[in-house]
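This report covers a set of computed features, taken one topic at a time. The sequence and structure come before the discussion.

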2 protein chains.
Amino acid sequence: MPRTPAARASDEIAAECLASRARFLDRRLASIYERALRPLGLRRTQLTLLVAIARAGERATPTVVGRALQLEKSTVSRELARLQALGWVRVEPSPDARAQRLALTAAGTRTVEAAHPLWRKAQREARALLGDRAAAALAALTVRLHPRFAG
Amino acid sequence: MPRTPAARASDEIAAECLASRARFLDRRLASIYERALRPLGLRRTQLTLLVAIARAGERATPTVVGRALQLEKSTVSRELARLQALGWVRVEPSPDARAQRLALTAAGTRTVEAAHPLWRKAQREARALLGDRAAAALAALTVRLHPRFAG
DNA sequence: GCGCGGAGGTTGCTTATACAACCATACATG
DNA sequence: CATGTATGGTTGTATAAGCAACCTCCGCGC
């Protein structure tokens with residue numbers, strides 16, 4: 001049976017597609033970190049956001065953290081609503097009345113501290129899964145694509 | 001001002017976290033492929049699923065494609081409902097009454113064919129963005145993590 | 001001082017994903 | 001054959017994300 005155009009397209013895509021491979025990698029790593037953080041009721045993306053807010057310090061606003069993580073503003077908006085509801089982030093007025101100043105609450109700070117060893121365990125597991133070379137390549141790639149990435 | 005434990009944790013996580021980097025990479029690539037496929041009203045993950053079904057041929061069932069792509073069965077279930085609604089996938093009874101045989105419809109086959117050149121363009125763009133070495137590393141990593149991955 | 005464009009955020013809608021709980025069928029074993 | 005367990009799918013719920021449309025406020029140009 002000769003291969004049809006659709007069959008040839010399918011073979012090529014299945015063998016090479018970078019999008020599905022990146023998605024696959026993300027799912028694999030996600031499961032490691034989610035499992036590790038579950039005892040704290042903390043999701044991996046929430047930890048990333050808390051960390052970005054902590055690091056931005058006085059300058060922390062939704063726009064600023066969105067830029068650091070390359071997240072669309074609506075995504076940041078909704079994530080922040082959850083973090084506020086959980087009592088980990090406080091929103092304060094800023095000089096510019098359009099903007100919002102963000103800060104970790106005491107509970108948010110404690111959560112980051114408590115997450116640290118769990119994150120480390122996940123990070124070790126992830127590094128072991130990928131291998132040191134691939135892990136380093138992923139980090140280097142991030143720097144190349146977005147030098148100021150911080151998450 | 002001495003760095004607090006939370007600040008040190010944040011610095012370490014922001015500088016190294018592999019989970020957030022994989023997520024970031026996925027978002028970047030997603031935007032390339034989504035943009036390319038948009039004219040067909042086709043999402044990248046839908047293309048991945050159509051391809052997996054095409055390649056599985058007679059053996060295509062939700063469980064089989066889920067294994068090939070390492071997707072949770074509920075994810076596959078809902079994605080298939082959409083693909084059916086769009087008229088790209090047909091569901092047929094199988095010998096085992098629990099299972100469902102999947103097949104592309106004629107429209108589904110045409111969609112894969114039409115997607116091929118658009119996917120190629122996105123793939124070229126993605127490869128250029130990552131660089132050949134990183135692209136090859138991502139592909140190699142996928143093989144290592146899941147030798148039968150096909151998406 | 002007025003109007004307008006741009007920046008900052010929110011909300012509606014859709015897709016992608018996982019986990020858990022569930023239902024139905026198949027199969028093996030007593 | 002009856003029952004219990006495993007397999008295959010669906011559904012409820014929640015998070016993660018983008019796009020588009022919108023509102024508000026800032027600052028600039030006139």
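Once neighbours within four places in sequence are left aside, B:Ile53 is in contact with B:Ala60, B:Val65, B:Val89, B:Leu102 and B:Leu104. The model is predicted, and these contacts are computed from its atoms.

B:Ile53 also belongs to the largest nonpolar core, which has 88 residues. Four members touch the most other members of that core: B:Ile53, B:Leu50, A:Leu50 and A:Ile53. In soluble globular proteins, nonpolar side chains tend to be buried together.

## Fold and dimensions of chain A

Chain A contains seven helices and two strands. Along the sequence their order is α-α-α-α-α-β-β-α-α. Among contacts between residues at least 6 apart in sequence, 55% join residues at least 24 apart.

The radius of gyration of chain A is 19 Å, whereas a compact globule of 151 residues would have a value near 15 Å. Along the principal axes, the C-alpha atoms of chain A fill a box of roughly 70 × 35 × 30 Å. Of the 151 residues in chain A, 42% are buried.

## A:His116

Helix α6 of chain A holds A:His116. Is this residue, A:His116, buried, exposed or partly exposed? A:His116 has 18 C-beta neighbours inside 10 Å and therefore counts as partly exposed, since 20 or more would be required for a buried residue and 12 or fewer for an exposed one.

A:His116 and A:Leu47 lie 69 residues apart along the chain, and their C-alpha atoms are separated by 9.6 Å.

## Interface between chains A and B

The contact between the two protein chains involves 50 residues of chain A and 50 residues of chain B. On the side of chain A that touches chain B, the elements that give two or more residues are α1 (5-16), α2, α3, α6 (106-130) and α7 (132-145) of chain A. The largest share of that side, 14 residues, comes from α2(A). By class, the side of chain A that touches chain B has 30 nonpolar, nine polar and 11 charged residues.

Chain A is superposed on chain B by a rotation of 180° with 0.0 Å of shift along its axis, at an RMSD of 0.0 Å. That is the relation of a two-fold axis. Because 100% of the interface residues of chain A are also interface residues in chain B, the copies meet through the same surface.

## Surfaces near the DNA strands

DNA strand C is surrounded by 26 residues, of which A:Ser74, B:Arg43, B:Glu72, B:Ser74 and B:Ala97 are the closest. Two or more residues of this surface come from each of α2 (18-37), α4 (62-69) and α5 (73-85) of chain A, and from each of α3 (44-56) and α5 (73-85) of chain B. The largest share of the surface near DNA strand C, five residues, comes from α5(B). Its residues by class are four nonpolar, 10 polar and 12 charged.

Around DNA strand D there are 25 residues, and the closest are A:Arg43, A:Glu72, A:Ala97, B:Ser74 and B:Ser77. Here the elements that give two or more residues are α3 (44-56) and α5 of chain A, with α2 (18-37), α4 (62-69) and α5 of chain B. The surface near DNA strand D divides into four nonpolar, 10 polar and 11 charged residues.

Methods. Residues numbered from 1 in each chain as written. Chains lettered and ligands numbered in written order. Predicted model: local features only at pLDDT ≥ 70, side-chain atom pairs only at ≥ 80, totals over all residues. Near = placed C-beta within 6 Å. Helix = DSSP H or I, 4+ residues; strand = E, 2+ residues; numbered from the N terminus. Nonpolar A, V, L, I, M, F, W, Y, C, P; charged D, E, K, R; others polar. Contact = placed C-beta atoms within 7 Å. Rg over C-alpha atoms; globule rule 2.2 N^0.38 Å. Least-squares fit on C-alpha atoms with pLDDT ≥ 70 in both. Core = buried A, V, L, I, M, F, W, Y, C linked by C-beta atoms within 7 Å.
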